[in-house]
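Good morning, and thank you for coming. I would ask everyone to look at the structure on the screen while I describe one chain and its contact with a neighbour.

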Amino acid sequence: MNIINFTPISAIIGGMIIGLAVVIFFLFKGRLVGISGIAANVLSEKKNKFDNLLFLLGLVIGPIIYSVFTKQVISITISNSLILLICAGLLVGIGTRIGGGCTSGHGISGIGRFSLRSIVATVTFMVVGILTVLIKNFV
Amino acid sequence: MNKLISLISGTIFGIGLVVSQMINPEKVLGFLDLFGNWDPSLAFVMIGALIVSSPLFHLIKNKEKPLFAEKFNYSNNKEINNELVIGSALFGAGWGLGGLCPGPAISSIALLNINSIIFVVAMFIGFYLAKFFKLSI
């Protein structure tokens, strides 16, 4: 194992900003942020539909505001493989609904209140994610 | 005002994803490449989020009610079952393939990157398909 590209300061600060967003949502609305649930419910449920849609809209506005204020261009590196993107998207969509949460719902909101269920989910998706990358590097 | 909170919270979350660089799938894949070239940043993002959220969750949930709602509304499901583990494993496989999870994927729509839009569309189809899988587990 080599450690590369490690950015601890921006990671901690960015993480605290994410924590603040989750706390605001809980303090004012009494709901815990789980993005897979919020996104899926926009399609399937009438309850909180507009609320959920506004949260998703915020997720998209966030990077735009960041770019405008810092005058920085946000660049990402993402796979170009259509088949990989579609398989990954389907697995993430199906898996988070069956497992009842994703990195935010289980990883932050769940672990944040010491839910054993969320700890089991988070360890599971991290271990499988690590194994998937390991296998991908071999192929 | 209640509705505005959703927008504000989502916006702050999206800014956090950019500052932490978790909007970039390469950073996430770096974290998952534990046995290769490992980038521990994602663990520090979770620590940062938990330092803020964990103590405040505890204080807030002891209040009588949230500021803009009649009551607290969150799942207190404690069940650890096949669905939890199988679903999380499927999610982990997809996460490891693309380096994208729901939050960063949706935020990256802002960058008008066609590849992340393809992922998001597939993810929403997955949300829809999940109900057919649930019945068979």
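How many helices and strands does chain A have? In this predicted model, chain A has 6 helices and 1 strand. Starting at the N terminus, the order of elements is β-α-α-α-α-α-α, and strand 1 covers residues 2-3.

Let us turn to chain A as a whole. Its C-alpha trace spans about 45 × 40 × 35 Å along the principal axes. Chain A has 139 residues, and 55% of them count as buried. Among the contacts in chain A with a separation of 6 or more, 40% are between residues 24 or more positions apart.

Next, the contact between the two chains. Chain A contributes 100 residues to this contact, and chain B contributes 107 residues. On the side of chain A that touches chain B, at least two residues come from each of these elements: strand 1, helix 1 (8-29), helix 2 (35-44), helix 3 (49-70), helix 4 (82-99), helix 5 (105-112) and helix 6 (116-138). Which element gives the largest share of that side? Helix 1 of chain A does, with 21 residues. By residue type, the side of chain A that touches chain B consists of 65 nonpolar, 28 polar and 7 charged residues.

Thank you for your attention.

Key: Residues are numbered from 1 along each chain as its sequence is written. Chains are lettered from A and ligands numbered from 1 in the order in which they are written. This is a predicted model: local features need pLDDT of at least 70, side-chain atom pairs count only at pLDDT 80 or more; totals for chains, interfaces and linings use all residues. Two residues are in contact if their C-beta atoms, placed from the backbone, lie within 7 Å. Helices (H or I, at least four residues) and strands (E, at least two) are DSSP runs, numbered from the N terminus. Ala, Val, Leu, Ile, Met, Phe, Trp, Tyr, Cys and Pro count as nonpolar, Asp, Glu, Lys and Arg as charged, and the others, Gly among them, as polar. A residue is buried if 20 or more other C-beta atoms lie within 10 Å of its own, exposed if 12 or fewer, and partly exposed in between; C-beta atoms are placed from the backbone.
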